[in-house]
Amino acid sequence: MILKFLRLLKIFTVVIKYGLDEIAMSGLQVPRTARLISGIFFWRRITTPRAIRLRLALEELGPIFIKFGQVLSTRRDLMPPDIANELSLLQDRVPPFGSDLAIAQITRSLGAPPDQLFASFDPVPVASASIAQVHFAKLKNGRDVAVKVLRPGMKKTIDEDIALMYMATGLIEKLWAESRLLKPREVVAEFDKYLHDELDLMREAANASQLRRNFADSDLLLVPEMFWDYCSSNVIVMERMHGIPVSQIDRLAAEGVDLKKLSSDGVEIFFTQVFRDGFFHADMHPGNILVSVEPETFGRYIALDFGIVGTLNDFDKDYLSQNFLAFFRRDYKRVAEAHIESGWAPRHTRVDELEAAVRACCEPIFDRPLKDISFGQILLRLFQTSRRFNVEVQPQLVLLQKTLLNIEGLGRQLDPELDLWKTAKPHLERWMTEQVGWRGFVERLKAEAPRYAHIFPQLPRLMHQALERHAQPHEITNHEMMNRMLHEIRRSNRMLGVLAWLAGGVTSGLLLAALLNRFGGGA
C-alpha cells in the first residue's frame, strides 16, 4: 500500500511539473477549476507546447507510460493531431536491465544457464525496450540467434500502473463529463489487453511463425525462424537476421539496392498481408525493418518484433476493399451505405447525411495527383467523420490505419514518386473478384465441400429423429391419429423434396468444383 501511495505521489508530481492538468482541461468547460489550480501552483510558468510536455512526462514516468504514449499515438481517431504526432516520436529509450537479471530470467525459464544452453552468449544487450531486451548468442550447432528476454517483474509493475490509470480515468470522468467523449476508460482497457498480450513472448513467437509460413514462398519478405526448444513465455530464441535498417537510405543505395522497387515491394507486402492473409504485422516502423544485402536474398525486407499483429476477417476485408474502391471512384454514397450495411453506423442513419459528411471531408483530397493521396489519411478522415454519426471505430481497423501510415511514410521516404493507388489497386480488384465473381463462388464451394460430404449421409437419420419427436406416449383417438399421419406424410413429402433439391445442388456443386479444379477453372 505504501509503494502504491509513493507511486501515485510520483505520478502527481510529474503531472504538476509538466502542467498535464492544464492539458486535461483544455477545451473543457471548467474555467473555475482551471483558475483554482493555476492559483495554487502560481510558480509554474508553462510555455512549452502541450504535446511536448506530455511526451516528456510519459518518458519520466517510465516504461509503462512510454508504451501507453505509443498506443495513444495510434488512436488518431481520439487524439488531437498535435498530440498524436508528438507521441509518435516516443521510442523505447529505456535503459537495459542488468545482465545478471537477464541470465537469471533465462535460467528460470529454460531450465539451464546460458553457458549450458548456448555455445556462446553475449551478456551485453544489443537492444532494450520497455517490455524486453535482446542479446546475441550462438547455438551449439553453430546457428547465430537472438535471445529476447522479458523484463523481470513486468507483470506486477504493469498491474499496479494500470490500476492507477483506471482510478485516474474514473476520477476524470466524474470531475469532467465532457472527458467521456475521449473514452478514457476504453482507451486504458485497450492498453491493458495490449500490454498483457505482449507479456507472453510465446504469443510473439507464434505470430512470427504464422507470418513466416504465410511468406514461405515469397521473394519479398524474410521472417526469422523460431527455435521452439528454447522458447517460453519469458524468453524466446530466434534466428539472427543480418541486414541494413531500412531508414539508412544512403547505405542501402551504396549497396546497390533499388529504392523504387523496395518502396513498391513494401506496399505490396502490406496489402498482401491484409487482403490475402487477413493477418498483418502491426508494428512496422523503421526500427523493426531491415533490408537484406546477402547475395541469395538481396533486396528483401526483413521483419522483426512480432508482439503486435492485426487480424481481419472476410467482413473487414470486404469493408476495406469496398471503401477504398468507392473512395477513388468518388462514390461517397457507396461509402455511406457500406458503413450502415456493416452495422458500424446505426441503422437509422440517413445515407444522404453521411454521404454529404464524407464528401466534405474527402473531396479536397482529390485535388492532388493520385500518387500524393494517402490511404492512411483517408482512413483517418473516415474515422473522424464517423464519430459524428456514433460509429464505433473497430480496434483492428485502428491498428491497420496506424500500420498503413507507417508503410506510406516508409514508402515515400524511399521513393517520393511512389503511386500508392497504382500499387494497391490490383490487390483490391483481385480481392473483389475473388469474393464476388464465379471464382469466389467456386472457391467457397470447394472449401465447404467436405462439410457437405459429412452432413449429407446423416440427413435420413436426422429426418427420422425429427418425425419420432412428434410421437406422443398417451392414447389418442383414431381421428387424431389419422390427422397426424396425414400431417406427417405431407411434412415428409416437403422434406424429401427439400432433400432432393439439396442433394442435386450439392452434387452439382461438387461436380462443378471437381471439373473446374481438374481443368484449371478454379485457378
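Reader: Why is A357 called buried in this model?
Author: The model is predicted. A357 has a relative accessible area of 8%, and buried means under 20%; A357 is therefore classed as buried.

Reader: Where does A357 lie, and how far is its C-alpha atom from that of R388?
Author: A357 belongs to helix α16, which covers residues 351-362. Its C-alpha atom is separated by 9.1 Å from that of R388, a residue 31 positions away along the chain.

Reader: How do you know that the length of helix α14 agrees with its number of residues?
Author: The expected span is 1.5 Å times one less than the number of residues. Helix α14 (residues 314-328) has 15 residues and should therefore span 21 Å; the C-alpha atoms at its ends are 21 Å apart, so the two values agree.

Reader: What makes α14 a mostly covered helix?
Author: Of the 15 residues in α14, 12 are buried, each with a relative accessible area under 20%. Among them are the aromatic residues Y319, F324, F327 and F328, and the buried set also includes D316 and K317. Just after α14, R330 adopts a positive phi of about 55 degrees.

Reader: What makes β5 and β7 the edge strands of their sheet?
Author: The sheet is open and has four strands in the order β5-β10-β9-β7, with mixed pairing. The strands β5 (221-222) and β7 (244-245) each pair on one side only.

Reader: Which helix lies across β5, β9 and β10, and at what angle does it run to β10?
Author: Helix α13 (residues 259-277) lies across β5, β9 (289-291) and β10, and runs at about 45 degrees to β10.

Reader: What figures describe the chain as a whole?
Author: The chain contains 22 helices and 11 strands. Of its 523 residues, 45% are buried. Among contacts with a separation of 6 or more, 68% join residues 24 or more positions apart. The chain exposes about 27600 Å², and carbon and sulfur atoms supply 58% of that area.

Notes: Residues are numbered from 1 along each chain as its sequence is written. This is a predicted model: local features need pLDDT of at least 70, side-chain atom pairs count only at pLDDT 80 or more; totals for chains, interfaces and linings use all residues. Side-chain values use heavy atoms; hydrogens and water are left out. Helices (H or I, at least four residues) and strands (E, at least two) are DSSP runs, numbered from the N terminus. Buried means under 20% relative accessible area, exposed over 50%, partly exposed in between (1.4 Å probe, protein chains only). Contact means heavy atoms within 4.5 Å. Accessible areas come from the Shrake-Rupley method with a 1.4 Å probe; for residues, only the protein chains shown count as cover. Two strands pair if DSSP finds at least two bridges between them. Axes are lines fitted to C-alpha atoms, for helices over the stretch in contact, and angles run from 0 to 180 degrees between N-to-C directions.
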